[in-house]
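Here is a short report on one protein structure. Please look over the sequence and the model before reading on.

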Amino acid sequence: MGILTELYRKARKTCVFNKRANWSDSVFRTFCSKETKSDAHNGTEWPRRIVSGLQPTGELHVGNYFGALRRCVRLQEQGEDVMLFIADLHSFTTRQDPKQLQERTLELTALALAAGLDPERSVLFQQSAVARHAELCWLLACLATHARLAHLPQYKEKSATMKEVPIGLLLYPVLQATDILVYRGTHVPVGADQLQHLQVAAQLVKTFQHRYGPAFPTPRPLLPDDGSDRIKSLRDPSKKMSKSDPDPKSRILLTDSDDTIRLKIRKAVTDFTPQVTYDPENRPGVSNLVALHCLANGLVPEEAVEEAEGLSTAQYKGVVAEALCGALGPLRARALELRARPELLRPVLRHGAARARRRADRVYEDVASLAGLAPPPPPLHSHALRVC
């Protein structure tokens, strides 16, 4: 795995973590310390494991970076067992262009490595490369109910705009649960708006245990305390920043040039009060800029507001833009360098998928035994007798 070591060593040169930016790490530790290694209802001990995923649809924006990629890298640096997968199966709830899907998978791989994810310490892989996701999803779907899934806000919101609703959209939370449970993930980095989907996973764990016996830990959320899950649209600060927003000026992409970042921040919607304050309820636009400044420079809101003393909102936009350029520039440059070498990226995904399959196979073997299904076949060896 010399190539992987070289990739990680180069990526680390572009990822200098501000010591003060780790002020929220203690929150993760405190939150998780409240959970024991055993599920109280059955006494089974589960090794601590972090599982997270990102869809290769649309280009990643700063909310995806600060709220997901960077969090996974920091958890890795704390010695956690981190699994980050590219959720290509999830993307099929809408029509996908196969060639573009492959391209975006490689782009996301390059960004993960550029952000500092080490493919030898963490597991980085493509979801569809591990068949156990689909197999276990069917079993768990048989334990879920239509009423529960159709009641979830994301399903109601998205299905309301569709003439024909795909079944995959209804089962989306079941596949999300499978993504965690197939590796016996114990903790998931999420935002507050994703807690309902994690509750679906917890309910499926409980139902499976009641019917067949204990097979999975109950996954717990890792909630951020730095605002990285609440980055708002630059054009409408009442909404979250989104890859699917039709207005490209609503988000800052990780691939945006410095000039584009400056333009988008300059066009960001604020209000008519010139002073810079942090008041998300009454001044969401300006507060969103403060949050971005904090995430880019490792500050807390009080420090960012103090730095902005004497500046008008228009002047402060320049400060925020430069902070983002400084934080994203090295990441963008390294990702572009890696993306130009697909012959290095594909082995990273294959290596991660092989590790993920071994973990998933062990879990599925236990599940099959409990549920009365056929045991998985033993792995084939080159010297094994082949019968045609």
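This is a predicted model: local features need pLDDT of at least 70, side-chain atom pairs count only at pLDDT 80 or more; totals for chains, interfaces and linings use all residues.

Residues are numbered from 1 along each chain as its sequence is written, and side-chain values use heavy atoms, with hydrogens and water left out.

**Whole chain**

The protein chain has 14 helices and five strands; these are DSSP runs (helices H or I, at least four residues; strands E, at least two), numbered from the N terminus. Of its 388 residues, 49% are buried. Here buried means under 20% relative accessible area, exposed over 50%, and partly exposed in between, with a 1.4 Å probe and protein chains only. The chain exposes about 19000 Å², and carbon and sulfur atoms supply 54% of that area, by the Shrake-Rupley method with a 1.4 Å probe. Among contacts (heavy atoms within 4.5 Å) with a separation of 6 or more, 77% join residues 24 or more positions apart.

**Single residues**

| Residue | Relative accessible area | Class |
|---|---|---|
| C72 | 1% | buried |
| T313 | 6% | buried |
| R184 | 17% | buried |
| C142 | 44% | partly exposed |

The whole structure contains zero disulfides, a disulfide being a pair of cysteine sulfur atoms within 2.5 Å. For C142, the nearest cysteine sulfur belongs to C137 and is 9.5 Å away.

R184 sits in the loop between α8 (167–181) and β4 (187–189). Although R184 is not a glycine, its phi is positive, at about 50 degrees. Most residues other than glycine have a negative phi.

T313 belongs to helix α13. Leaving aside residues up to four places away in sequence, T313 touches T270, T273, P274, Q275, V276, R283 and V286.

**A helix pair**

Helix α13 (residues 313–339) also packs with helix α4 (residues 98–115), at an angle of about 130 degrees and with axes 8 Å apart. Axes are lines fitted to C-alpha atoms, for helices over the stretch in contact, and angles run from 0 to 180 degrees between N-to-C directions. The two helices are therefore oblique to each other: angles under 35 degrees count as roughly parallel, over 145 as roughly antiparallel, 65 to 115 as roughly perpendicular and the rest as oblique. On the α4 side, the contact includes L106, A110 and L113, and on the α13 side L331, A335 and L338.
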